[in-house]
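Me: Hi! I have a model open and would like to go through it with you. Can we start with the rings and then move on to the pockets?

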Amino acid sequence: MDFSLTDEERAIRDTARQFITKEVMPLEQEALLRERRHQPGLELSELRELQQKAKKFGFWGLATPEEYGGMNLPAILQSLIWTELGRTFVQFKFGGEADNILFYANEEQKREFLLPTIEGDRISCFAITEPGAGSDAANIKLRAVRDGDDWVLNGEKTFITNGNDADFAIVVAVTDPARRANQGGATAFLVDKSMGWRSEFIQTMGEGGPAALIFDDVRVPHRNILGELGQGFELGMKWIGKGRYLIPSNALGIAERALGMAIDYANTRETFGKKIGTNQAIQWMIADSEVEIEAARWLILRAAWTVDQGEDPRHSSSMAKLYGAGMVNRVVDRVMQVHGGMGYTRELPIERWYRQVRLMRIYEGTDEMQRLIISRDLLRGYTKIGGHLA
Ligand SMILES: Cc1cc2nc3c(=O)[nH]c(=O)nc-3n(C[C@H](O)[C@H](O)[C@H](O)COP(=O)(O)OP(=O)(O)OC[C@H]3O[C@@H](n4cnc5c(N)ncnc54)[C@H](O)[C@@H]3O)c2cc1C
């Protein structure tokens with residue numbers, strides 16, 4: 001058994017780390033100041049500029065196939081890079097990416113939606129959640145009714161990331177109410193903002209925020225169906241599935257950076273005439289965090305490895321998402337405790353992480369949904385205790 005990275009994996013990971021350390025981390029103080037003024041930490045134009053710089057370093061389209069100019073990296077490498085991205089709270093990500101399901105587009109749709117998204121000229125959002133259907137996504141109600149060459153969409157989506165900035169939405173709508181959405185009753189549509197949907201910003205405890213999307217007789221041409229009629233739910237689950245190992249990968253980077261801060265603080269802050277790190281109470285918080293970080297790392301890498309093996313990654317991804325999201329919440333909480341009052345201020349990014357990582361236990365499948373998947377797989381005998389080693 002070999003737990004080490006290959007030379008190539010290490011080289012790519014280290015180059016990403018170097019870029020983030022040299023080009024992104026220096027922007028952190030300014031980003032914190034701006035966010036305190038309720039402005040974006042990084043303007044879109046600044047993000048694009050950084051992405052172009054990263055392109056010169058060779059980072060463009062981590063998951064994008066080479067024929068579209070991307071790196072087509074295996075899942076293990078994508079996971080390693082998302083961990084590097086997690087080390088900074090500046091909302092940077094590498095360019096050249098598009099929603100994984102946009103690759104199901106036909107040639108005409110690719111020209112109109114996929115290619116400009118990869119280039120960063122258009123912004124997409126993915127919309128399945130509704131006010132009455134989140135975890136129970138098969139219960140969506142936003143209706144699409146055929147009318148000649150068009151479909152007419154009515155209903156509401158909610159909590160849609162990028163919903164306020166997007167030029168177009170990938171919307172999962174009910175096309176056949178006689179069937180459940182997960183049994184062929186739903187279809188994904190590519191819907192330009194110019195077709196008439198509106199967005200309403202939703203305040204959350206995080207920076208930025210998602211949006212509600214309102215569809216009031218929005219006419220969408222039949223040619224804007226993504227994939228096949230009735231394939232909407234399946235595509236939706238593919239979109240969500242990817243986040244289930246990338247979200248915890250990102251969480252890992254946050255936890256590692258935060259723990260590093262706690263160790264530095266424990267080694268310098270003095271109370272009662274000695275460093276706080278000499279107290280067992282502080283040492284235990286550091287030890288528990290390190291153990292949980294390592295446990296999460298191997299669950300996450302195993303999930304990514306399962307993707308690379310071409311096997312069904314749902315079980316291992318659910319375990320990575322459940323544990324990784326919980327881990328980062330516990331670690332950031334301890335790191336705040338180690339910092340005392342300073343941890344609670346906006347001078348440091350800890351309270352920001354504290355707010356940010358809470359979301360990881362909720363979106364793209366709550367903790368409870370991950371537990372449901374994991375236990376269901378075992379109870380039905382779909383997976384074995386011991387996984388691929390059993
Ligand atoms: C900031 C943010 C960004 C988001 N981005 C997107 C996006 O881009 N696109 C998109 O489509 N959606 C997005 N979402 C939606 C997100 O995926 C949902 O909020 C999430 O799936 C939970 O759904 P819900 O909020 O309706 O909660 P509910 O489904 O109503 O659940 C409420 C609680 O009940 C629990 N629960 C529900 N059913 C069960 C059960 N059977 N057993 C045990 N417990 C259960 C849940 O775990 C949760 O604790 C986003 C959400 C947020 C907050």
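Me: Is F57 buried, partly exposed or exposed?
Reply: F57 is partly exposed, with a relative accessible area of 36%. For the cut-offs, buried means under 20% relative accessible area, exposed means over 50%, and partly exposed is in between, using a 1.4 Å probe and protein chains only. Keep in mind that this is a predicted model: local features need pLDDT of at least 70, side-chain atom pairs count only at pLDDT 80 or more, and totals for chains, interfaces and linings use all residues. Residues are numbered from 1 along each chain as its sequence is written, and side-chain values use heavy atoms, with hydrogens and water left out.

Me: Good to know. How many aromatic pairs are there?
Reply: The count comes to 12 aromatic pairs. Rings of Phe, Tyr and Trp (its six-membered ring) pair if their centres lie within 6.5 Å; planes under 30 degrees apart count as stacked, over 60 as edge-to-face and the rest as tilted. One of them is F19 with F57, an edge-to-face pair at 5.1 Å centre to centre and 75 degrees between the planes.

Me: What does the pair of F19 and F57 tie together?
Reply: F19 lies in helix α1 and F57 in the loop between α3 (44-56) and α4, so the pair ties together parts that are 38 residues apart in sequence. Helices here are DSSP runs (H or I, at least four residues), strands are runs of E of at least two, and both are numbered from the N terminus. F19 counts as buried, at 0% relative accessibility.

Me: Which residues do ring pairs link into a cluster?
Reply: The cluster is made of F19, F57, F59, F92 and F94.

Me: And F89 with W353, what kind of pair is that?
Reply: F89 and W353 are edge-to-face, with 6.1 Å centre to centre and 80 degrees between the planes. F89 sits in the loop between α4 and α5 (107-119) and W353 in helix α10, so this pair ties together parts that are 264 residues apart in sequence. F89 is buried, with a relative accessible area of 4%, and W353 counts as buried at 0%.

Me: Switching to charges: which residue lies over the face of W60?
Reply: That would be K55, at 4.3 Å from the ring centre. R330 lies over the face of Y323, at 5.6 Å from the ring centre. The rule is that NZ of Lys or CZ of Arg is within 6 Å of the ring centre and within 35 degrees of the ring normal.

Me: Okay, pockets now. What volume does the second largest pocket have?
Reply: The second largest pocket has a volume of about 710 Å³. On a 1 Å grid over the protein atoms alone, a cavity is a set of points where a 1.4 Å probe fits but cannot get out, while a pocket is an open set with protein on both sides within 12 Å along at least five of seven lines; lining residues have an atom within 4 Å of a point. Grid points are joined across faces, edges and corners, and a volume is the space filled by probe spheres set on the points.

Me: How many residues line the second largest pocket?
Reply: There are 27, of which D2, F3, I76, W298 and L301 lie nearest its centre. The elements giving two or more residues to this lining are α1 (7-24), α4 (75-86), α6 (232-268) and α7 (280-308). α7 gives the most, with 7 residues.

Me: Last one: where in the fold is G236?
Reply: G236 is in helix α6 and counts as buried, at 0% relative accessibility. G236 and A127 are 109 residues apart in sequence and 8.6 Å apart in space, C-alpha to C-alpha.
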